[in-house]
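The sequence and structure come first.

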Amino acid sequence: MSARTLLDKLWDGHEILRRDDGASLLWVDRHLVHEGSHHAFAKIGERGLPVAQPELTFAVADHYAPTRDRDHLEGDIARMIRTLEDNAARHGLRLFGLRDPRQGIVHVLGPEQGLTLPGLLVNCGDSHTSTHGALGALAFGIGATEVAHVLATQTIWQRRPKRMRLTVTGTLGEGVSAKDVALNWIAKLGADGARGHAIEYAGPVVRGLSMEGRMTLCNLSIEGGARLGLVAPDEVTFEYVKGRPFAPEGAALERAMEDWAALVSDADATFDREEVIDGDEIAPTVTWGTSPEEALPIGASVPDPANLPEGRAARAREALDYMGLTPGRTLEGTPVDQVFIGSCTNGRIEDLRLAAAVLKGRKARVPGLVSPGSALVKKQAEAEGLDRIFTEAGLDWVEAGCSMCVGMNGDLVAPGKRCASSTNRNFKGRQGRGARTHLMSPAMVAAAAVTGALSDVRPLLKGRV
Amino acid sequence: MAGWTQHEGRALALPMESIDTDQLIPARFMSVPRRDGYGPYLLHDMRFDEDGQARPDMPLNRHPEANILIARRNFGSGSSREAAVYALVDYGIRAVIAPSFGDIFAANAVNNGLLPARVPADVVEEMIEALGGETADARVDLEAGTVSVGGSAAAFELDPVWRMKLINGWDDIDMTAQHAKEITAFRDARRAAHPWAWPRG
C-alpha cells in the first residue's frame, strides 16, 4: 500500500463505501448532541425514526447552560434545556445535563470523559468539533440535516478533504501559547486559508504542547477555514486518555494502544499542501477586527486602511468603525470594559492556571467573568485555589458552559462595550449586539484585566511561571 | 427537498467579505422552531437598527425582492448553525454567488436546496460593479454550471456530488437506507476488530 497521511488512515478506517462520484459513507464512533440539535431531533421525529445507535450518542447541555442560578430556569433557556432532556430520554441517550457533576462544554467534556479517543470518528453539530482532533480523532462539525442523518444511521456522507500539514518550528517564548500560534497562522493564511483541507499540525512546537494546548490549536482550525485539525497521538495523548471514565482499560486498552501506534503519517506520505510557521517569531497576539484573520502581535499598531489596497481597505475601515479603533494607534493600551475567560477554545484547567498566574495577588481594573469549561475543570480549579485568585482579583467565578463566547445563555457583552476574550470568534455581534471582541490567550485576557487595557502579558509573568 | 435545475430571478450584491453565520442569523433567534420560519431573522442586525427600524442604506432593504445574492470572499464562515441557511431559504434566496464559502455552510446550503456558487473574485467584482447597488435579472443553470447576471454569464464551481444533490433533491437518509446491510456489516466488523472503539461504562 502506498504511503498514507494520518488523515488517510483515519478516513480509510471509517469508510463503509465510496460512491463513483467520490462521496464516502463513513462510520461515526461518537455522536455528541447539545441543545442546538433540536432541529435534527425534530427532523427524525417527523419521520418517526429512532436513533440508530443510542449507546454511541451523548447529549450535553452547554450552549444555553446558565452560569448562575440554575434553580430558576426561565423562557427560551428553560425550554431549550428541557427539549434536550426530553430528546435524550425519548431516545435513550446518555445525558450530561445541568445537574450532572460532569456537565460542561461538549468539546471539553468529550475528551475529559474519555469519549473522545485516538482513531475515532467524532461528529457534533458544532463547528468547534475540530477540537477533538487533538487526540488523533477524525472530528468535524456538521449541520442539522447531517446531525439528523447521523442520528438515524450512525453514518455520514463526506468527501475526503485535501491534506495540509502545518509545521510549527522552533520554540514558543514565555507567555506565548497555542492560541497565539493559531491566531498567527490564521492571520497569515486567512480565515478561508485552509478551506477544503484537513490540517495535520506537526513540528517541535506541536509535540511540545500539552493536550490542552493541542485542543486549543485544533479547536481554531475552523477559524482558518479548515474542515478539521489533527495531531498524531503520542505519549502525551496516551497519558491523557488512560483512566478516563469511558476510555478502554485492561485488554481493550492494550488492543487500542496497538491500533493507536499506527496513527501517524507515513514518513514518505505526501500532503496536498505544506505550510511552515516559525514558533520563535510568534508574540502574544490579539485581534483588532471582526474576523479571526485580523490579528496582530500586541506590540503592533492598529492598521491604517490608507495603507491597504482598496479591497482590503474597505473591509478594514468597516471593521475599525465597528470596533471603535483609531488607525495607527498602538493596540497596547486600548482600554477594555470587561474580560471573559472560558469557552471550548480556552476553558481548560491549564488555561485557568495560566490566567491565575497573572492575576495572583493582583486586582482586575475591569469586571469580568471566568467560566470553566466543565464542572470537573471547576472542581479541579477550586481544589488548586484558582477560584480564590479570580474572585480576590474581582472577577466573577461561575458555572460551566459556552457562556459569553456566544451569549445564548444570556451572558452578553453590552452594545459598544469592549471585551478581552479567550474565545474563538470576534464576529460582529458574536458576544452580543454591538459587542467589541478582542480574541487572545487566557494569559493575555488576565493581563487586560489587571491593566484595564490590551497589554503584553510577558512583563506581568516575570518570575511567575 | 425538491430538486431544481434552473432558476431565474433578481440578483443583488452585498459587497462585503466574510458575511459570517453570526451575521446571517444572530444566535438569539436560534431557539425558534423551523416551522415558524427564519426569513425575518436573515441578516437581522444588518437590516434593522437597535429600535427594529429597517436601515434604508442596507441593499436588501432597498431591494427585498432579491433572490440571488452576490458577496465577497468567505461567505458563511463560522458556525455550523444550519439556521443561517434556513434564514436565507425562508427569506426566498435560491443561490449565493461568492469567491469562497465556509465549508460547513456550503454543505448545509446544499442540504436545503440553496446553491453556493463559487465564482472567481475578479468576476464577482465585475458583477458587483455592473449591478451598482441595484438588482438585475439573473439566471442560474445547475446543469450547465453557469450563472448569468444582467446578461453576462460566468461558470461557477460546485462539487459534482452537490450538483447532483441539488438537481435531484436527494434525501441522504433515504439514500443511506439502501446501504443498511453494508453499514451493519461494517459496524460488526469494527466492533470485533476494535472493541475499544465502543465506550466503556
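In which sense do strand 10 and strand 11 of chain A pair, and over how many bridges? Strand 10 (residues 197-202) and strand 11 of chain A pair in the parallel sense over 3 bridges.

## Basis

The model is predicted: local features need pLDDT of at least 70, side-chain atom pairs count only at pLDDT 80 or more, and totals for chains, interfaces and linings use all residues. Residues are numbered from 1 along each chain as its sequence is written, chains are lettered from A and ligands numbered from 1 in the order in which they are written, and side-chain values use heavy atoms, with hydrogens and water left out.

Helices (H or I, at least four residues) and strands (E, at least two) are DSSP runs numbered from the N terminus.

## The sheet in chain A

Four strands of chain A form an open sheet in the order 11-10-9-12, with parallel pairing; strands pair if DSSP finds at least two bridges between them. Strand 11 (228-230) and strand 12 (273-278) of chain A are at the edges with a single partner strand each, so one side of each has no neighbour in the sheet. From one strand to the next the twist averages 25°. Between strand 10 and strand 11 of chain A, A:I199 has A:G229 as its bridge partner in strand 11.

## Helices on the sheet

Helix 1 (residues 6-14) of chain A lies across strand 9 (162-169), strand 10 and strand 11 of chain A, at about 110° to strand 11. Angles run from 0 to 180 degrees between N-to-C directions, with axes fitted as lines to C-alpha atoms, for helices over the stretch in contact. Contact means heavy atoms within 4.5 Å. Helix 6 (residues 178-189) of chain A also packs on the sheet, where it touches strand 9, strand 10 and strand 12 of chain A, and its direction makes about 125° with that of strand 12.

From first C-alpha to last, the 12 residues of helix 6 of chain A reach 17 Å, close to the 16 Å expected at 1.5 Å a residue (1.5 Å times one less than the number of residues). In helix 6 of chain A, 9 of the 12 residues are buried, that is, under 20% relative accessible area with a 1.4 Å probe and protein chains only (exposed is over 50%, partly exposed in between). Among them are A:V181, A:L183, A:W185 and A:I186. A:G190 follows helix 6 of chain A and has a positive phi near 100°.

## Helix 13 and helix 16 of chain A

The axes of helix 13 (residues 349-359) and helix 16 (residues 442-451) of chain A come within 8 Å and cross at roughly 30°. That makes helix 13 roughly parallel to helix 16 of chain A (under 35 degrees; over 145 is roughly antiparallel, 65 to 115 roughly perpendicular and the rest oblique). The residues that meet include A:L354 and A:V358 in helix 13 and A:A446 and A:V450 in helix 16 of chain A.

Helix 13 of chain A is largely enclosed by the rest of the structure, because 8 of its 11 residues are buried. A:I349, A:D351 and A:L352 are among the buried ones. Just after helix 13 of chain A, A:G361 has a positive phi of about 75°.

Most residues other than glycine have a negative phi. A:S403, not a glycine, has a positive phi of about 50°. A:S403 lies in the loop between strand 17 (396-397) and strand 18 (418-421) of chain A and is buried at 0% relative accessibility.

B:N74, also not a glycine, has a positive phi of about 65°. B:N74 lies in the loop between strand 2 (68-71) and helix 4 (83-91) of chain B, buried with a relative accessible area of 2%.
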